[in-house]
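Please have the sequence and the structure at hand while reading.

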Amino acid sequence: MTWLIRSRRAVVLGLVLVLLAVAGLISSRPRPFLTRMGGWLDVGESPQSVDMVMILNGDLDTRPFQAIDLLRQNLASRVLITSSADADRASEFPRVHEAMRRILNDCGVADEQIEFMDSQCRSTFDEAETLQRYLDEHPGDSVAVVTNDYHTRRTRWVFQQVLGDRRGQLHFVSAPTDEFNVNNWWRHEAGCVAYLSEFPKFAFYQFRYGRGWIWLVAVIGIIAVSLVLWGTRATRITEPAGE
Amino acid sequence: MTAGPRRRFRWVAASLLILMALLWGVPASLGGLYRLLVVDQPTDGCDRVMIVSPSPGCLEFAANIVADRGTDQLIVPGGRLRRPERIGALEPHYLLWKRQLLAWGAPEHKVRTVATAAWTPHELFQQLDQQLADGHSGKCQVVTTATLSRYYRLVIDQALPEERAQAYVITAVAPQPADRANWYRNRRDLKRVFDHSLRTLFVSVRGPSEVVKADPFRHLYAALATR
């Protein structure tokens with residue numbers, strides 16, 4: 001019994017020491033850790049020639065301009081935009097896709113170059129399904145998906161989940177963000193919100209659209225079995241001999 | 001009862017207690033989080049109203065205040081123009097807010113837009129206060145989404161000297177349909193409260209943001225200008 005108590009204490013003490021060591025390492029050199037943490041979210045590729053550029057709904061300050069830059073470099077000739085279910089919008093405010101079209105037109109992109117799909121997207125997953133429907137009609141097209149740098153990992157994951165075998169036709173291009181970047185996001189309010197909210201969103205997507213729940217059940221199962229076995233072994237040790 | 005069954009009984013009882021605590025405690029905690037984010041102050045002595053959140057609920061609320069109470073002015077502040085606004089593709093955001101307020105019945109002569117070059121909310125209130133102070137002695141009612149109300153209270157208190165900060169009073173407008181009791185039941189409100197919680201936490205811990213004032217698309221403007 002004594003050795004069991006000592007071993008439990010040793011395990012708890014070991015865990016505490018490991019946590020303290022990790023916390024100490026992070027707090028002594030926070031910047032490299034935070035930069036790496038933010039950099040993990042950016043999986044954007046170097047721009048390359050594609051048939052179509054898809055602009056994800058959201059940041060009108062940067063995403064359409066990154067797409068315009070691709071067109072200006074003759075890396076693409078057409079743009080795909082989708083409608084969003086922006087129910088919170090006041091009636092005098094333009095809808096996101098309308099604003100997007102105005103920006104593109106004002107920067108020299110003709111209406112003939114803009115393809116619009118009215119899909120009422122509420123999420124990145126909806127946008128991936130919209131692209132799937134587009135590729136059903138244009139099966140050979142290669143597409144550059146433009147979104148903010150911190151959003152690219154989750155975007156790539158969900159688009160590859162939805163599009164499956166067509167993932168080879170996709171490329172993901174990072175649009176830089178105004179006012180903050182991967183080297184200082186933790187010092188800017190919008191940067192903190194953008195980067196920190198990506199992690200729970202990515203985890204949610206793993207569970208909602210992927211196999212995350214299988215991993216969770218497996219981990220819980222392993223922990224439960226370990227606890228039962230540990231408790232059973234303790235019960236056998238403490239029961240007097242002969243019972 | 002022998003040692004083995006007694007231990008099992010304790011495990012079962014503890015598990016049931018934890019489950020009950022979760023079922024009752026989680027909604028109560030989430031409601032508590034909502035309350036932490038909300039500040040709603042008395043509006044005595046306010047003769048101006050200022051909009052800082054462009055949600056339909058806030059805009060309509062402000063338009064009704066001006067119409068019902070005969071408030072002197074409805075201030076529509078404008079920060080630094082966004083890129084689409086700077087190149088003329090979109091109308092400045094504060095003009096859109098003004099048009100919406102007029103659509104909801106706010107008298108045009110009472111709506112005043114105040115443009116600034118502010119990069120952050122702290123700079124916005126500092127620049128606004130310089131333009132609005134001009135010998136005015138009344139208070140200004142700042143209308144905002146409920147879950148950003150504590151955030152704006154912190155911003156104003158950090159950005160301005162104490163006697164000037166007290167001239168701004170916060171009014172929290174609950175976004176429909178979310179309120180304290182149900183905000184966690186749909187994804188949109190969950191995301192909104194999470195984002196607003198982070199913003200409030202950031203401001204309370206760090207204060208003003210550090211801004212990188214570089215333009216990553218500067219190279220594009222010359223090309224667009226020559227087309």
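## A residue in chain A

In which helix of chain A is the place of A:Glu129? In this model, which is predicted, A:Glu129 lies in helix 5 of chain A, the helix that covers residues 124-137. With a relative accessibility of 30%, A:Glu129 counts as partly exposed, because that value falls between the 20% under which a residue is buried and the 50% over which a residue is exposed.

A:Glu129 can also be placed relative to A:Ile222, which is 93 residues apart from A:Glu129 along the chain, and the C-alpha atoms of these two residues are separated by 35 Å.

## Extent of the interface

Between the two chains, 43 residues of chain A are in contact with 40 residues of chain B. The area buried between chain A and chain B comes to about 3700 Å², and carbon and sulfur atoms give 60% of that area.

## Polar and charged pairs

Four salt bridges are counted between chain A and chain B, and one of the salt bridges joins the side chains of A:Arg187 and B:Glu210, with a distance of 3.7 Å from N to O. The count of residue pairs in polar contact between the chains, with both residues at pLDDT 80 or more, is nine.

## What chain A contributes

On the side of chain A that touches chain B, the elements giving two or more residues are helix 3 (63-72), helix 4 (96-106), helix 7 (189-209) and helix 8 (212-238). Helix 7 of chain A gives the most to this side, with 10 residues. By residue class, the side of chain A that touches chain B divides into 19 nonpolar, 11 polar and 13 charged residues.

Notes. Residues numbered from 1 in each chain as written. Chains lettered and ligands numbered in written order. Predicted model: local features only at pLDDT ≥ 70, side-chain atom pairs only at ≥ 80, totals over all residues. Heavy atoms only, no water. Contact = heavy atoms within 4.5 Å. Buried area = accessible area lost by both parts, 1.4 Å probe. Polar contact = N/O pair within 3.5 Å; in protein donor to acceptor, adjacent residues only side chain to side chain. Helix = DSSP H or I, 4+ residues; strand = E, 2+ residues; numbered from the N terminus. Nonpolar A, V, L, I, M, F, W, Y, C, P; charged D, E, K, R; others polar. Buried < 20%, exposed > 50% of the residue type's maximum accessible area, 1.4 Å probe, protein only.
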